[in-house]
Amino acid sequence: MIRHIVFFSVRRREDVEAVRSGLQALGTIPHSTHFEVTLNTKVDLFSNAIDVVVYAEFQDEAALAAYKAHPIYADTTSKVKPLRELRYSADVVAAPEPKAIRFA
């Protein structure tokens, strides 16, 4: 499984909701097994620069590639990009679930 995590900071505070709601359109793309867009709670002691977070899970790299190739992805990017300041993205392979330990 691939975990896709994207962090956004927004240029103007008044555009945070527009970015959040705009990114929610990505959830209509059928290739993810889990998708959410959330606002950063900004309770970190050292940095609160991130405003919006996209978190999605994909079965494999092919599903993630299909998601990024979908027309809704390009459309959403064109609407959100002018409103954002920074975008950081990470695609990581999830560790396999640990096997249960059985005691005799």
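In what order do the elements of the protein chain run from the N terminus on? They run β-α-β-β-α-α-β.

## Model and conventions

This is a predicted model, in which local features need pLDDT of at least 70, side-chain atom pairs count only at pLDDT 80 or more, and totals for chains, interfaces and linings use all residues. Residues are numbered from 1 along each chain as its sequence is written, and side-chain values use heavy atoms, with hydrogens and water left out.

## Overall architecture

The protein chain holds three helices and four strands. Helices (H or I, at least four residues) and strands (E, at least two) are DSSP runs, numbered from the N terminus. Taken along the principal axes, the C-alpha atoms of the protein chain fill a box of roughly 60 × 40 × 15 Å.

Of the 104 residues of the protein chain, 31% count as buried. Buried means under 20% relative accessible area, exposed over 50%, and partly exposed in between (1.4 Å probe, protein chains only). The protein chain exposes about 7,000 Å², of which carbon and sulfur atoms supply 58%; accessible areas come from the Shrake-Rupley method with a 1.4 Å probe, and for residues only the protein chains shown count as cover. Among contacts (heavy atoms within 4.5 Å) between residues at least 6 apart in sequence, 74% join residues at least 24 apart.

## The loop between β2 and β3

Asn40, Lys42 and Asp51 have their places in the loop between β2 (34–39) and β3 (52–58). Asp51 counts as buried because its relative accessibility is 3%. Leaving aside neighbours within four places in sequence, Asp51 is in contact with Phe8, Ser9, Val10, Arg13, Val16, Thr38, Leu39, Asn40 and Lys42.

Asn40 counts as partly exposed, at 27% relative accessibility. With the same exclusion of neighbours within four places, Asn40 is in contact with Ile50 and Asp51. The C-alpha atoms of Asn40 and Ile50 are separated by 6.5 Å, although these residues are ten apart along the chain. Lys42 is partly exposed, with a relative accessible area of 31%, and has a positive phi of about 55 degrees although it is not a glycine.

## Asp15

Asp15 is in the loop between β1 (2–10) and α1 (16–23). Its relative accessibility is 11%, so Asp15 counts as buried. Beyond its neighbours within four places in sequence, Asp15 is in contact with Val10 and Leu83.

Phe7 is found in strand β1 and is partly exposed, with a relative accessible area of 32%. Phe7, Leu86 and Tyr88 form a nonpolar patch on the surface, with about 270 Å² of accessible area together. Patches are made of residues with over 30% relative accessible area and no salt bridge; like charges are joined within 9 Å, and nonpolar side chains (Val, Leu, Ile, Met, Phe, Trp, Tyr) within 5 Å. A salt bridge is a side-chain nitrogen of Lys or Arg within 4 Å of a carboxyl oxygen of Asp or Glu.

The largest pocket has a volume of about 160 Å³. Of the 14 residues that line this pocket, Phe8, Leu23, Tyr73, Thr77 and Arg87 are the closest to its centre. The elements giving two or more residues to the lining are β1, α3 (71–80) and β4 (84–93); the largest share, four residues, comes from α3. On a 1 Å grid over the protein atoms alone, a pocket is an open set of points where a 1.4 Å probe fits, with protein on both sides within 12 Å along at least five of seven lines, and lining residues have an atom within 4 Å of a point. Grid points are joined across faces, edges and corners, and a volume is the space filled by probe spheres set on the points.
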